[in-house]
Amino acid sequence: MALNYAGISYELREVSLKSKPQEMLDISAKGTTPVMQIFNSGTFNQDFIVLEESLDIMNWAIQQNDPLSWEDLPDESMAIAKHLINTNDHEFKQALDRYKYPNRFPEKPQEFYQQQAEEFLQVLELQLQSNNFLICDRQTLADIAIFPFVRQLAYVNIDWFNSSPYPKLQQWLQWHETSAMFEFVMQKFPVWSPEQEAIVIK
Ligand SMILES: N[C@@H](CCC(=O)N[C@@H](CS)C(=O)NCC(=O)O)C(=O)O
């Protein structure tokens with residue numbers, strides 16, 4: 001979404017996590033997606049850098065072009081955004097994984113992990129009481145970094161989520177899910193193979 005927002009054209013290689021291509025592991029032994037290889041333009045020897053974390057990819061994209069000022073925020077708002085993203089990527093993500101796959105974490109019942117995850121939902125709901133988006137009255141990087149994870153949580157038990165006491169969060173999720181940008185990036189592509197013609201996203 002950040003690449004699309006920044007208007008960056010790139011070659012997309014869809015990967016099956018069950019069968020990671022050697023070409024991916026050669027540039028990133030960590031073996032997680034997304035991973036982005038960026039070639040330095042204007043060099044004769046194929047210099048490149050590799051970004052292995054989605055947040056790094058997002059920040060890189062916005063550094064190239066930030067048309068709607070996703071990162072042009074007052075210091076205080078920026079600090080809140082960073083804090084929310086950090087809580088999302090650590091505490092919330094951990095609770096979400098346990099809530100999503102309770103069989104893999106039999107130490108505690110699923111409700112326990114749901115309650116852990118809900119602590120973050122409450123924080124988000126509070127943020128959304130003053131604005132329609134997490135940081136201010138427009139979409140910023142924090143919304144984009146966090147909403148896919150709230151979406152994952154919602155669909156573990158959508159009836160529960162829709163009847164949960166988080167009406168602002170429900171509206172916020174629905175807004176993002178139905179946005180043109182999200183629909184664009186959710187297009188499905190065949191798994192990459194070296195023989196296939198490059199899929200270039202413009
Ligand atoms: N913090 C990383 C997490 C990346 C991550 O865990 N990605 C998952 C897919 S969404 C993955 O590649 N898992 C490795 C595997 O299943 O082998 C990021 O945001 O880039």
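The following dialogue explains how to read several features of this predicted model.

Biologist: Which conventions apply to this model?

Modeller: The model is predicted, with local features needing pLDDT of at least 70, side-chain atom pairs counting only at pLDDT 80 or more, and totals for chains, interfaces and linings using all residues. Residues are numbered from 1 along each chain as its sequence is written, and side-chain values use heavy atoms, with hydrogens and water left out.

Biologist: How are two packed helices described?

Modeller: The description consists of the angle between their axes and the distance between the axes. Axes are lines fitted to C-alpha atoms, for helices over the stretch in contact, and angles run from 0 to 180 degrees between N-to-C directions. Helices (H or I, at least four residues) and strands (E, at least two) are DSSP runs, numbered from the N terminus. In this structure, helix 5 (residues 110-130) packs with helix 8 (residues 167-177) at an angle of about 85 degrees, and their axes are 8 Å apart.

Biologist: What is the orientation of helix 5 and helix 8 relative to each other, and which residues make the contact?

Modeller: Angles under 35 degrees count as roughly parallel, over 145 as roughly antiparallel, 65 to 115 as roughly perpendicular and the rest as oblique. Helix 5 and helix 8 are therefore roughly perpendicular to each other. Contact means heavy atoms within 4.5 Å. Helix 5 contributes Leu121, Leu124, Glu125, Leu128 and Gln129, while helix 8 contributes Pro167, Lys168, Leu169 and Trp172. By class, this contact has 6 nonpolar, 1 polar and 2 charged residues. In that scheme, Ala, Val, Leu, Ile, Met, Phe, Trp, Tyr, Cys and Pro count as nonpolar, Asp, Glu, Lys and Arg as charged, and the others, Gly among them, as polar.

Biologist: At what angle does helix 6 pack with helix 8?

Modeller: Helix 6 (residues 141-156) and helix 8 pack at about 110 degrees, with their axes 10 Å apart. These two helices are therefore also roughly perpendicular to each other. On the helix 6 side, the contact is made by Asp143, Ile144, Ile146, Phe147, Val150, Arg151, Ala154 and Tyr155. On the helix 8 side, Leu169, Trp172, Leu173, His176 and Glu177 take part. The residues of this contact divide into 9 nonpolar, 1 polar and 3 charged.

Biologist: Is Asn88 buried or exposed?

Modeller: A residue is buried under 20% relative accessible area, exposed over 50% and partly exposed in between (1.4 Å probe, protein chains only). Asn88, in helix 4, counts as buried because its relative accessibility is 0%. Leaving aside residues up to four places away in sequence, Asn88 touches Lys93, Phe120, Ala145, Ile146 and Phe149.

Biologist: Which residues surround the ligand?

Modeller: A residue is near a molecule or strand if one of its heavy atoms lies within 4 Å of it. Around the ligand are Leu17, Lys20, Gly31, Thr32, Thr33, Pro34, Glu52, Glu53 and Ser54. An N or O atom in the side chain of Lys20 is 2.6 Å from a ligand oxygen atom. For Thr33, a backbone N or O atom lies 2.8 Å from an oxygen atom of the ligand, and for Ser54 a polar side-chain atom lies 2.4 Å from one.

Biologist: What can be said of the peptide bond from Thr33 to Pro34?

Modeller: That bond is cis, with omega near 0 degrees. Pro34 lies in the loop between helix 2 (22-27) and strand 2 (36-39).

Biologist: What is the phi of Ser69?

Modeller: Ser69 has a positive phi of about 55 degrees although it is not a glycine. Ser69 is in the loop between helix 3 (54-64) and helix 4.

Key:
A polar contact is a pair of N or O atoms within 3.5 Å; within protein, one must be able to donate a hydrogen and the other to accept it, and residues adjacent in sequence count only if both atoms are side-chain atoms.
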